[in-house]
Each structure stands twice: as structure tokens, then as C-alpha cells.
Amino acid sequence: MENIKFIPRDEIETHLEAARRIAEGFESRGMVGDSAPGYYIQTFGCQQNEADSERLAGLAKLMGYRAVSSPDEASLILVNTCAIREHAEKKALSIIGEYKHIREKNPELIVGVGGCMVTQRHRADKFKMSYPYVGFTFDTGAIHLVPSLVLKVMQKKGRSFVISDEYKIAEGLPTVRREGGAAWLSIMYGCNNFCSYCIVPYVRGRERSRLPEDILAEARELIAGGAKEITLLGQNVNSYGRDLDCGETIASLIKKICALEGDFRIRFMTSHPKDASEELLEVVATEPKVVKHFHLPVQSGSSEVLRRMNRRYTAEHYKAIIDSLKEKMPDISLTTDIIVGFPGETEEDFEATLEMLRYVKYDMIFSFIYSPRIGTPAAAMEDQIPAEVSGARFKRLLSLQDEICEERNRRFVGRRVKVLVEGVSKSDGGMLTGRGDMARPVHFKGDESLIGSFAELEITSCGSYSLEGKLI
Ligand code: 5AD
Ligand code: SF4
């Protein structure tokens, strides 16, 4: 089993060795410390991509590069792309287009493009033909190859466009973690669900779970390194362990992580409703270290649309899970993903989605206008919805949810809450931002030395998108 799922250790070592050779080359030319060449990583898309980029950063560091804050200063640019919607692909193409000018000024610049977009053959071919300054592309199963691909470009041995035959787990890659107290921990990769709109199963391969002992070792390392929040990541964490045949489930795994010593908390995402077990809901309710927030993508409130989306649950089944969560935890924060304008969506179907919003009263929703993806069944369905219709529905959805958000945020006003201080507020540099059980960030005045630790706040006011508080 292990041989099938995991990239052999000696194969990983070959590529890490290539990284060390690159670093030695820089060292021999005195290019170390502040004189080391810079690396810049541009990341699009989901948390899984952010976690992958932390491994890319780990590899770049092992290659002897140092992090720089703008692509103009870089000698190595790695782009981690997303393919979930057309907009994400267009944005990546436009940014990669701009790197052409940087490369004209610096012919030594190496540009590599990875991620979900270039895991599609037509996109990798496009880079090969039309982006001569892109030295290599690497699919989602080829992160460990990056040092060897960089070395090949340095040695002028040609460009590479890697599309793997199969996707395996690469253990043992170095990482550079994000700052602050929150850390990503990938527990599985890939997806088996083939929702009819979604490109993910085609670009991330089948589900494969990491071994519990590898996950626990990483969790221990994170906690020892000062992490205060660990988010367990996977495309559908609710099916964690199914491919391992060792009886481990997401619920039992969370329990084991919670049993580790330390003052930290756990989040997990994403959960597929069809696999949301009572056992998992119970763990969220009873484990004090699990944040009282559940992200449960519903996609649509219409059972007929859900059927055509191949989601394998009905609106009623979904509501029953929500009822069970609310019964166990009346104050739980709930969030979801919604797609508007799926092929064939009628006004009645859309009304059912609005009804779902009113029923659940989500703290926040992530909503998207349906975007056809080449190769997925939904892209070939009849009755694609005109952009004006989707756009108008999208606006109605947002305006209803704005009201619900404010109502939900208001329940916190006057309460004492514990938040993890994540950093300086992006909208107001004089404030800090913290996160707790509520889905929205809390802004408050405080010293930057608090970043990366827990703080006790009293919530003083709220809007639809954020809350304000003061330190107690
Ligand atoms: N169009 C629009 N939204 C999509 N999502 C996935 N595929 C598509 C698509 N083709 C949304 C789903 C998913 C979230 C990550 O992105 O809501 O849960
Ligand atoms: Fe895409 Fe569905 Fe898999 Fe989520 S569960 S990644 S929406 S196919």
C-alpha cells in the first residue's frame, strides 16, 4: 500500500540533493545571506495551494534563495495557479504575462508555473508554445521535482512541462510556514467526488490520505514551534482515512491531535455534506480545542440542482445535518459555498437557495457565479444560464446574506471572546485582527507584540463583514 501511495524516500532525496547542489553553487560565488538571490512565490486559489506554496518556499530556501517581497527583486519566481473558475486562470495568465518584462531586464531570471491550471494539458501546452520565458511547468503531483527543474534550466538543458501519470504523496519536503500563530496541515490530497461542475478531481487526482503518524508528528512539530491554531486541510476531509484501511477517521484523528499537550486549537476544511458523520459533529461539539465553526458547502438549496451537480445529498438531508449541529451547539458559526447560475437553474431553484440561507442563517457565505470548466460534465450541459441572469441572482443572494451576516454578528456584541491575533488589520493599519469562533475577523487596538498569541476581547460593535472589540 505504502509503495503505491508514497513517492519513495530515495526519489525525494534525489531532488533535495539537486536543491543542495544549487545552494552550493550560490555559496561558492559568495551569494549567501543578504547577497543570496531572491525567490518570490505568487499563490492563487485555495488553502491547499497556500500549503503547497509553503513547501515550494521550503524548497526555494533549500536551494539557497532568500525570500523577497516583490517579483522585480527575484531571481526565481514560482507561480502556484488555480483552475477552479475562469477568473482565477485569467488573473494568473495576466500576472505571468507581466513577468516577461522582468525577464527582459534580467535574463537569468527563472520562472516556473505550477498548480491546478498547468495540470491541464491544454494549459501546459499554452505555456510551452506562447510563454518562452517560462522555464518549466509542474503539475500538482510534481512539487518535489522543482529543484531538479530549476537545475535543468540553470544548466541550459532545456525547458520542462511536467504532467504526472499518477499523483502520490511526497513526505519529507521542507516548509517555510506563514507568520503568526496559525498553520496549515494537509491531511489528504485529491478528490473522488466528481461534482459535475468541478475541475479539482481532474487536476488533483484521487483521494489519498497521509498516515496518521506523519500527521501527528507534523502537528507536534507545529505546536512545539509555537503554532496556536492548526487547520487540517483536504478537498473533502470527511473521507479522511478511507483509503488507509486502518480504521482512522477524521473524527478519531482530530481527537488524537486534541490530546496533544499545549494551548492550541483545531480547525478543519473542507467537509462534504454526504460524508459528514455524527461522530465528527460530536467531536466538534465535545472537544474544547476544536473551534466552534463548521464550513459545510451546500452549493444550492434545490435538490434537483444538487442531483445534477452530482452532490449526492438532498436539501432535506443537508438541513438535517444543520439541525443536528445546532442541537448539539446552539451557538455554532456556520459558513458555506454557493454556486449561482448552474446550468438549468430555474427561478424556483434559485429561490430554494435563498430559502436555505434563511433556514440556516450562515455567518458567512462564499458565493460564486458558475464558471464552465473544460472537460467537466456540467460544461456540456444544455441550458447554460445567461450572464445577466446569473449576475442579477448573485446580487440578490449577496443582499440577503448581508442582512443575515449582520444579524449573526450582532449576537457577539457585549460578549467576551478569545481570539488568535493574526496580524495587523489590512483595512486599518492602526488595528490588529483576531479570529475566534465567529466566522468574521475582529478588529481591535493593541500592541503588535500580541500577534501569534491568544487575546481576550470584549466585542463592542459589528457590521456585516467584521466586528470590533477591545482588549480586556
Ligand atoms: N464554477 C463556480 N464555482 C465553482 N466552485 C467549484 N467549481 C466551480 C465552478 N466551475 C466553487 C464551489 C466550491 C468552491 C471551492 O468553489 O462552491 O465549493
Ligand atoms: Fe470539487 Fe466536489 Fe471535490 Fe469539492 S467535493 S473538490 S466541489 S469535486
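The model is predicted, with local features needing pLDDT of at least 70 and side-chain atom pairs counting only at pLDDT 80 or more, while totals for chains, interfaces and linings use all residues. Residues are numbered from 1 along each chain as its sequence is written, chains are lettered from A and ligands numbered from 1 in the order in which they are written, and side-chain values use heavy atoms, with hydrogens and water left out.

Student: What makes a residue part of the surroundings of ligand 1, and which residues are they?

Tutor: A residue is near a molecule or strand if one of its heavy atoms lies within 4 Å of it. The residues around ligand 1 are Ile84, Arg85, Tyr197, Gln299, Asp337, Ile339, Phe368, Ile369, Tyr370, Ser371 and Arg373. Two strands, β13 (333-340) and β14 (364-369), each supply at least two residues of this shell, strands being DSSP runs of E with at least two residues and helices runs of H or I with at least four, numbered from the N terminus.

Student: What are the classes of the residues around ligand 1?

Tutor: Ala, Val, Leu, Ile, Met, Phe, Trp, Tyr, Cys and Pro count as nonpolar, Asp, Glu, Lys and Arg as charged, and the others, Gly among them, as polar. By that division the shell around ligand 1 has six nonpolar, two polar and three charged residues, whereas the shell around ligand 2 has seven nonpolar, three polar and one charged. Among the residues surrounding ligand 2 are Cys191, Cys195, Cys198, His272 and Arg311.

Student: Why is the largest cavity said to lie between domain 1 and domain 2?

Tutor: On a 1 Å grid over the protein atoms alone, a cavity is a set of points where a 1.4 Å probe fits but cannot get out, and its lining residues have an atom within 4 Å of a point. Domain 1 (2-162) and domain 2 (182-410) both give residues to the lining, so the largest cavity lies between them, the bounds coming from an automatic or database domain assignment. This cavity has 15 lining residues, with Arg55, Thr140, Lys168, Tyr189 and Arg208 nearest its centre. The lining divides into seven nonpolar, three polar and five charged residues.

Student: What is noted about the backbone at Thr270 and at Asn310?

Tutor: A cis peptide bond, with omega of about 5 degrees, joins Met269 and Thr270, and Thr270 is placed in the loop between β11 (265-269) and α10 (278-286). Asn310 has a positive phi of about 60 degrees although it is not a glycine, and Asn310 is in the loop between α11 (303-308) and α12 (315-328).

Terms used
1 Å grid on protein atoms, 1.4 Å probe; cavity = no way out; pocket = protein on both sides within 12 Å on 5 of 7 lines; lining within 4 Å.
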